[in-house]
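Dear colleague,

Please find below the sequence and structure that I am handing over to you.

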Amino acid sequence: DHRDLHSFPTRRSSDLAIPLVDTIHADTFDYVPNPVKRLGFNWHLDHEHLHERIDDVKATPTPMMSGGIFAVRGDTWEGLGSYDHDMHGYGGEEFEFSLRAWMSGSRLDLVPCSRVGHLFRSDDYWGGQVSPIEAHEIRAARVWMDDHATLVEALFPPQPAINPIGSIRRRAALRKRIGKHDFQWYLDEVYPELRPIPDRKSTR
């Protein structure tokens, strides 16, 4: 119910409320409820559901949001720098904003009693296109993951010239202005479940 999310009483004005995102099938429009799970990622920056039992109603901190579906005060959103306007197209923004929010003193709370149905793109949508997702994720890693960014980037294939990562100068300046924690703090305090960094020779 969108009213649950809209009225969620966050503990601080800087906190974000995250709903559960259910699947709407792109071809059949079938609605598929997803289980209550927090979301994380691996070192390839792929989504990973965290398989611990959490309360079906109580808000629970989550390392990552699944996309641009959340509730936040407008002044908090603007203060955190809104979206990275040099990310063009779909994908990667959820990873970037999740790191930015946590490392800048905000908090992501999963609110299980709120659900949003999302019509996910089918594989046919991407036919013949160069997805910008990997370039966006590398861009976010360079700004927010400190020394770990080099290790993460080694796991990605070279990006084509038509899919540039772009300058991170403005986002690095934003981090310098609003950032409160480094990426090691995020690993220690927010996402200790992340497994050790894989061998650098690993491939995607």
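Helices H3 and H4 are roughly parallel to each other (angles under 35 degrees count as roughly parallel, over 145 as roughly antiparallel, 65 to 115 as roughly perpendicular and the rest as oblique), since their axes cross at roughly 15° and come within 9 Å. Axes here are lines fitted to C-alpha atoms, for helices over the stretch in contact, with angles between N-to-C directions that run from 0 to 180 degrees.

Before going further, please note that this is a predicted model, in which local features need pLDDT of at least 70 and side-chain atom pairs count only at pLDDT 80 or more, whereas totals for chains, interfaces and linings use all residues. Residues are numbered from 1 along each chain as its sequence is written, and side-chain values use heavy atoms, with hydrogens and water left out.

**Overall architecture**

The protein has seven helices and six strands, where helices (H or I, at least four residues) and strands (E, at least two) are DSSP runs numbered from the N terminus. Read from the N terminus, the order of these elements is α-β-β-β-β-β-α-α-β-α-α-α-α. Of the 204 residues, 43% count as buried (buried means under 20% relative accessible area, exposed over 50%, and partly exposed in between, with a 1.4 Å probe and protein chains only). Among the contacts with a separation of 6 or more, 78% come from residues 24 or more positions apart, contact meaning heavy atoms within 4.5 Å.

To return to H3 and H4, their crossing is left-handed (the near helix is turned anticlockwise from the far one by less than a right angle; clockwise would be right-handed). Phe95, Glu96, Leu99, Arg100 and Met103 of H3 meet Glu137, Ala140, Ala141 and Trp144 of H4. These residues divide into six nonpolar, no polar and three charged (Ala, Val, Leu, Ile, Met, Phe, Trp, Tyr, Cys and Pro count as nonpolar, Asp, Glu, Lys and Arg as charged, and the others, Gly among them, as polar).

H3 (residues 93-103) also packs against H6 (residues 169-178), at an angle of about 25° and with the axes 10 Å apart, which makes this pair roughly parallel too. Here the crossing is right-handed, and the contact is formed by Glu96, Arg100 and Met103 of H3 with Arg171, Leu174, Arg175 and Ile178 of H6; by class there are three nonpolar, no polar and four charged residues.

The axes of H4 and H6 cross at roughly 40° and come within 9 Å, so these two helices are oblique to each other, and their crossing is right-handed. Arg139, Val143 and Trp144 of H4 touch Arg171, Ala172 and Arg175 of H6, which gives three nonpolar, no polar and three charged residues.

Arg171, in H6, is buried at 11% relative accessibility. Leaving out residues up to four places away in sequence, Arg171 touches Gly81, Ser82, Tyr83, Asp84, Glu96, Arg100, Arg139 and Val143; Gly81 is 90 residues away in sequence, with a C-alpha to C-alpha distance of 8.7 Å.

Apart from neighbours within four places in sequence, the contacts of Leu16 include Met65, Phe70, Val72, Leu80, Phe97 and Leu108.

**Loop residues to look at**

Most residues other than glycine have a negative phi. Phe29, however, has a positive phi near 65°; this residue lies in the loop between S1 and S2 (31-32) and is exposed, with a relative accessible area of 57%. Asp146 likewise has a positive phi, of about 55°, and sits in the loop between H4 and H5, where its relative accessibility of 33% counts as partly exposed. Finally, Arg53, in the loop between S4 (47-50) and S5 (60-61), is exposed at 77% relative accessible area, and its C-alpha atom is 7.6 Å from that of Lys37, 16 residues away along the chain.
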